[in-house]
Amino acid sequence: MEESLSERDIIELPLEIWVRCFGFLSAVAELGVVCRVCRTFQHAALLLRTELRLEDVAWGQQVATDEWITALPVSWPMLRTLSLPASRNLTDKGFRAIARLTRLRELDVSETQISAAAVAHIAAHLPELRFLNLNATRVKTQVVATLTALTSLESLRIRGCPHVASADAAMSLARLTSLTHLELSVCFDGTSLDALTFSLARLRSLDVSGCRLPKADDCLYLTRFSALTSLKMELCLLDGRSLIALLRALTTLEVLHLGTLEDDREPVSPAVSADIVHSVVSLPRLRVLRAVSQSLNDLSSDLLPARARATRLESLELRHMTNLDNVAHFEHYSRLSRLQVLHLNDTDVDDVTLRILADQLPELRDLSLRLCSFLSSDGAGDAIVRWSKLERLNIALNFWVHDDTLDTLASRLPRLLELCIETCSMLGPEGFKHVARFSKLRKLDVPRNEALDKASLVSLATMTTLRELNITGCTALSDTCVAAILQMRSLRKLWCAQTSISSHGLSNLRRLPLRHLAPNPALWQP
């Protein structure tokens, strides 16, 4: 009879075999459990990491160096997503090393000093790249020509690249026939768009923010993107009547981001603004609408005239609006029966208006009232709790958020999954005890709250469902709070930059099965 393998024999199997075995795990979260078995398992699990994002500007400037990038192909061989925005310490040596990450599919090098030679090197060695962000870089027209080697590229961002000449770049972009998402430079005009319309037949999402489209024909070129479902136009130089014609032609639009309009000949008149609003709400497939404009303040009042067909709308964002305190504007909002997302950030919405909206939109799941200074603690709390099905709530940067406000919300919002109370200076330690009463909360953002201390974290540690916690900028937190964080067994993502947690405390935090840890940049090790 053959002798069975002992446990020691199994543990001593070659590392590459364990990497192969763990690669079949159905959930990435299970790798955190694997890491705690033994050092061999930990090493194998770490080799399977696929995503690395240094999204904080301070991280990009302090962590990302040429030496660090050069080591990535060894320490992260399975990497598929790499985000390095504002990493200005990187030189061509570091950028060229990225080409050795042969499994990479998504790359963000926006706001960096990447050179034309480095971009060409990456494009030549990573032809399977599907996402590339070059926003706010110094790339020139010749660089765009080298991107034609990326035959699988689906999403490209070159916004904020002033050295890209639109006519020549358009000829190169037209060869990227696999593109489904495109963000264009401000140098693009209507003629350049015309060169793209017949080649990019698969394009679904287009961002032309900042582009000059002053002529009527310039906007009409966009109508040739027959498959377009998402369009973003902000700070565009265009004629209002041309925009109206465009919106009436793009009947396939499902997502529209309409920002402030600029016309160097004359401002948008109230009559034209009203026609734009009617064209917007008449889009038959519109599901998501983001209006960020003070020149279109009639949008809220005319959103649902009797002839409008906006009943498909699922998400509505009205930002920087100054007429939301007019109760008469919202009498028809009950027709938005499918609306589940409502963002009114930085508007003058008041208590009365919010209560009316709560009665008109009972199915709301996501509400954001960031920087809404016209609300009061009692009035806002009473209105918010009327949305009993609410799952995501953002009430950051508000003076009216008190301890009693959170007490009311915790008692009446049993389904809440995500809560953001960033920089709410009127909160005290008692308020965070009320937060701990949200029995289903999975994500909590409490950055830059001076009242968050060790006792508050002890209260939050009782939340068995919490998976993501952001305590960035909470200066009262130090190594003495680490023990409370370690009690959060379900925690998978933690942001603790700009706190007093030292490298010793950070090493203890690694005992948690975290998939994402963002401490102070100087203390972080990949």
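**Close-up views of a predicted model**

**View 1. A salt bridge joins the side chains of E254 and R287, 3.2 Å from N to O.** This is a predicted model, in which local features need pLDDT of at least 70 and side-chain atom pairs count only at pLDDT 80 or more, while totals for chains, interfaces and linings use all residues. Residues are numbered from 1 along each chain as its sequence is written, and side-chain values use heavy atoms, with hydrogens and water left out. E254 sits in the loop between helix 13 (240-249) and strand 11 (255-259), and R287 in the loop between helix 14 (270-281) and strand 13 (288-292), so the pair ties together parts 33 residues apart in sequence. Helices (H or I, at least four residues) and strands (E, at least two) are DSSP runs, numbered from the N terminus. With a salt bridge taken as a side-chain nitrogen of Lys or Arg within 4 Å of a carboxyl oxygen of Asp or Glu, the count comes to 18.

**View 2. Helix 16 (residues 351-360) packs with helix 17 (residues 377-384) at about 5 degrees, their axes 8 Å apart.** That makes the two helices roughly parallel (angles under 35 degrees). Axes here are lines fitted to C-alpha atoms over the stretch in contact, and angles run from 0 to 180 degrees between N-to-C directions. Helix 16 brings D351, L354, R355 and A358 to the contact, and helix 17 brings G379, A380, D382, A383 and I384 (heavy atoms within 4.5 Å). By class, this contact has five nonpolar, one polar and three charged residues. Ala, Val, Leu, Ile, Met, Phe, Trp, Tyr, Cys and Pro count as nonpolar, Asp, Glu, Lys and Arg as charged, and the others, Gly among them, as polar.

**View 3. Helix 10 (residues 166-173) meets helix 11 (residues 190-197) at an angle of about 10 degrees, with axes 9 Å apart.** Helix 10 and helix 11 are therefore roughly parallel too. Look for S166, A167, A170 and L173 of helix 10 against S192, A195 and L196 of helix 11.

Conventions: Angles under 35 degrees count as roughly parallel, over 145 as roughly antiparallel, 65 to 115 as roughly perpendicular and the rest as oblique.
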